[in-house]
Amino acid sequence: AQLVESGGGLVQPGASLRLSCAAPGSILAYRGIGWFRQAPGREREGVSCLSSDDQTYYTDSVKGRFTISRDNAKNTVYLQMNSLKSEDTAVYYCAAGMCHGPEADFGSWGQGTQVTVSS
């Protein structure tokens, strides 16, 4: 079943946003939940991932600014994004898979949520 993202929007540089990725059932049924993003004209890239055993992964460009977390009761994974930069502008997707595995092995992709950082 498909995951559902929400929380995107238009913000100024330096602002914060929190994205949500809701699962149709227990979020713990997935080995991991990853956040990906795709900017216009660029390939999709992995941003962050949270494994079922609470290991977290971040791409270098977001380390120290983004935090991934999970609320088991709400079956939701969050991506807290602080100190946003214009280069963070992209459509953000969440998907289920092994955090250390290739992107091609992720499934249950959501429809995406647009994040635009602009003054």
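Which side chain does a polar contact join to that of Asp88? The side chain of Arg65, at 2.8 Å. A polar contact is a pair of N or O atoms within 3.5 Å; within protein, one must be able to donate a hydrogen and the other to accept it, and residues adjacent in sequence count only if both atoms are side-chain atoms.

This is a predicted model: local features need pLDDT of at least 70, side-chain atom pairs count only at pLDDT 80 or more, and totals for chains, interfaces and linings use all residues. Residues are numbered from 1 along each chain as its sequence is written, and side-chain values use heavy atoms, with hydrogens and water left out.

**Asp88**

- Asp88 sits in the loop between strand 8 (76-81) and strand 9 (90-96). Strands (E, at least two residues) are DSSP runs, numbered from the N terminus.
- Asp88 counts as buried because its relative accessibility is 0%. Buried means under 20% relative accessible area, exposed over 50%, partly exposed in between (1.4 Å probe, protein chains only).
- Beyond four places in sequence, Asp88 touches Arg37, Arg65, Phe66, Ser83, Val115 and Val117. Contact means heavy atoms within 4.5 Å.
- Gly14 is 74 residues from Asp88 in sequence and 11 Å away in space, C-alpha to C-alpha.

**Arg37**

- Arg37 belongs to strand 4.
- Its relative accessibility is 5%, so Arg37 counts as buried.
- The side chain of Arg37 makes a polar contact with the side chain of Glu45 at 2.7 Å. Another polar contact, of 2.9 Å, joins the side chains of Arg37 and Tyr92.
- Neighbours within four places in sequence aside, the contacts of Arg37 include Glu43, Val47, Ser61, Phe66, Glu87 and Asp88.

**Aromatic pairs**

- The whole structure holds 3 aromatic pairs. Rings of Phe, Tyr and Trp (its six-membered ring) pair if their centres lie within 6.5 Å; planes under 30 degrees apart count as stacked, over 60 as edge-to-face and the rest as tilted.
- Phe36 and Phe106 form an edge-to-face pair, 5.0 Å centre to centre with 75° between the planes.
- This pair links distant parts of the chain: Phe36 lies in strand 4 and Phe106 in the loop between strand 9 and strand 10 (113-117), 70 residues apart.
- Phe36 is buried, with a relative accessible area of 6%. Phe106 is buried too, with 8%.
- Tyr93 and Trp109 have ring centres 6.4 Å apart and planes at 75°, so this pair is edge-to-face.
- Tyr93 is in strand 9 and Trp109 in the loop between strand 9 and strand 10, so the pair ties together parts 16 residues apart in sequence.
- Tyr93 is buried, with a relative accessible area of 18%.
- Ring pairs link Phe36, Tyr93, Phe106 and Trp109 into a cluster.

**Cavity**

- The count is 1 cavity of 30 Å³ or more. On a 1 Å grid over the protein atoms alone, a cavity is a set of points where a 1.4 Å probe fits but cannot get out; lining residues have an atom within 4 Å of a point.
- The largest cavity holds about 40 Å³ of space. A volume is the space filled by probe spheres set on the points, and grid points are joined across faces, edges and corners.
- Its lining consists of Ile27, Leu28, Tyr30, Gly32, Ile33, Leu50, Ser51, Ser52, Arg70 and Val77.
- Strand 4 (32-38) and strand 5 (45-51) each supply at least two residues of this lining.
- The lining residues divide into 6 nonpolar, 3 polar and 1 charged. Ala, Val, Leu, Ile, Met, Phe, Trp, Tyr, Cys and Pro count as nonpolar, Asp, Glu, Lys and Arg as charged, and the others, Gly among them, as polar.

Technical notes: On a 1 Å grid over the protein atoms alone, a cavity is a set of points where a 1.4 Å probe fits but cannot get out, and a pocket is an open set with protein on both sides within 12 Å along at least five of seven lines; lining residues have an atom within 4 Å of a point. Helices (H or I, at least four residues) and strands (E, at least two) are DSSP runs, numbered from the N terminus.
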